[in-house]
Amino acid sequence: MDIKNYINGNFQNPISNNWIDNYNPSNGEVYGQIPNSNKEDIEQAYQSAKSAFKLWSNTTLEERSRIMLKISELIEANLDKLAEAESKDNGKPLWLAKAVDIPRASSNFRFFANAITQFASESHESIGQNAINYTLRQPIGVVGCISPWNLPLYLFTWKIAPAIAAGNCVVAKPSEVTPMTAYLLGDICNEAGLPKGVLNIVHGLGTSTGQAIIEHPNIKAISFTGGTTTGAHIAKIAAPMFKKLSLELGGKNPNIIFADCDYEDMMATTVRSSFANQGQICLCGSRIFVEASIYEQFKTDFVNKVKALKVGHPSESDTKVGALVSKAHLDKVMSYVEIAKEDGGIVLCGGNSVTIEGYENGYYMQPTVIEVPTDECRVNQEEIFGPVVTIMPFNTEKEVLNMANKVVYGLSATLWTNDLKRTMRISNQLQAGIVWVNTWLMRDLRTPFGGVKNSGVGREGGFEALRFFTEPKNVCIKY
Ligand code: NDP
């Protein structure tokens, strides 16, 4: 199925008429073409967004909210179609797309449709000076949103919804390897009555289409989710133009397990936090540290559970691990198994690619557990972003905190313990933007989301996102 750019409410071919193959990761076949857009397409999208801005920024909050709620409803109404498209494009199990990804895209619109009606700014009376200050929160204008392939519609809408709720118009680019649901969103926006030009979706390669968004002098804010290297590159280009940046980048998240935790709950959740979405979630707990007194028991039980996970075609309801997103990504993830062995790691299970009958050219890999001799080896330091986790024991709180923090990343951390004082001591000291205690990936959309260190700059979620997508202007009136 071929897709088109969505500019000014219309679907159109790329100006250059250049196209890129779109692969189905479950069987390795090309199943459609996507636009290979260039600077001219981005300029057209920008002009369309610019023309729409006056109308949209002056549209009442109630009306913006009404249209966004309609988009949310239509996403829900198209659940099956969107989930099938997401699964086919990305390789994730269909049940996962149906249960999590697409419902979350709908929630993103619903949440920000409501949040904008509650978003208040400050006022300060300057007592004794007969003056009052109040702060306006004005939309920025045309903003750029660039999202990755792992949770395609989920993360795309996590940016677009707050951007348009705040009154901006958007030029957006989904990942070129998973463009399908972003394409389908265009129709939904038209049906919901979103005015033409408020949202423009341009498809193509990061290094050309994405780069053109970053380089555009009048796109004054960029919300980006993706790899740390790309984030650093974007920051370099954006800095001389003083663009506002929100960067949600990579992670290498610790999962710290103490002997006093609820063992069954911890075990079931740890399997999920290791291998959900084939381990391709920036929040996956890819470094597992287990208190020495339960380490051997954990190792046996965990490996048994991981061996039982079914690797299969995404459409099968009992598939727990679907296909990785691309051949290049599968090769990269597989290469880390060799790197681990060279560093003295022991592969406790997995470590191989998988051939599935009928889908021999798909990008499948066994969920892999590697016991590492030290926390400093490469598999413990570098983001792999696939179905590979490391495990190792620890003896003291101090030791595990030191290992947990000894990476360049600081996105999230998970802690398993029933000791409240320990929970607070460790949570306070973990270098991470998000800490989960006795759970994982439990999300409340009102909370700030983002990382420290090389995991990014800024926060998404709740009013943080609305603050990012608005400029504060203080007005001081003497009376
Ligand atoms: P990339 O950084 O490769 O790409 C992310 C997006 O940026 C894609 O749309 C990509 O386009 C685009 N892009 C690439 N190069 C440029 C450029 N020069 N200028 C502008 N845009 C560009 O990341 P992946 O897609 O591989 O995603 C995986 C990464 O995302 C992992 O590191 C993961 O940790 C991180 N991530 C972070 C999250 C967070 O919230 N912190 C959440 C989810 C993922 P294209 O794909 O077409 O090349």
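**Overall fold and salt bridges**

The protein contains 15 helices and 24 strands (DSSP runs, H or I of at least four residues for helices and E of at least two for strands, numbered from the N terminus). Its radius of gyration is 23 Å, close to the 23 Å that the globule rule gives for 479 residues, so the protein is as compact as a globular protein of that length. The radius is taken over C-alpha atoms, and the rule is 2.2 Å times the number of residues to the power 0.38. This is a predicted model: local features need pLDDT of at least 70, side-chain atom pairs count only at pLDDT 80 or more, and totals for chains, interfaces and linings use all residues. Residues are numbered from 1 along each chain as its sequence is written, and side-chain values use heavy atoms, with hydrogens and water left out.

Buried residues account for 58% of the 479 (buried, under 20% relative accessible area; exposed, over 50%; partly exposed, in between; 1.4 Å probe, protein chains only).

The structure holds 20 salt bridges (a side-chain nitrogen of Lys or Arg within 4 Å of a carboxyl oxygen of Asp or Glu). One of them joins Asp260 to Arg422 at 3.4 Å, N to O. This pair links distant parts of the chain, 162 residues apart. Asp260 lies in the loop between strand S12 (254–257) and helix H9 (263–275), and Arg422 in helix H14 (residues 420–429). Asp260 is partly exposed at 31% relative accessibility, whereas Arg422 is buried at 14%.
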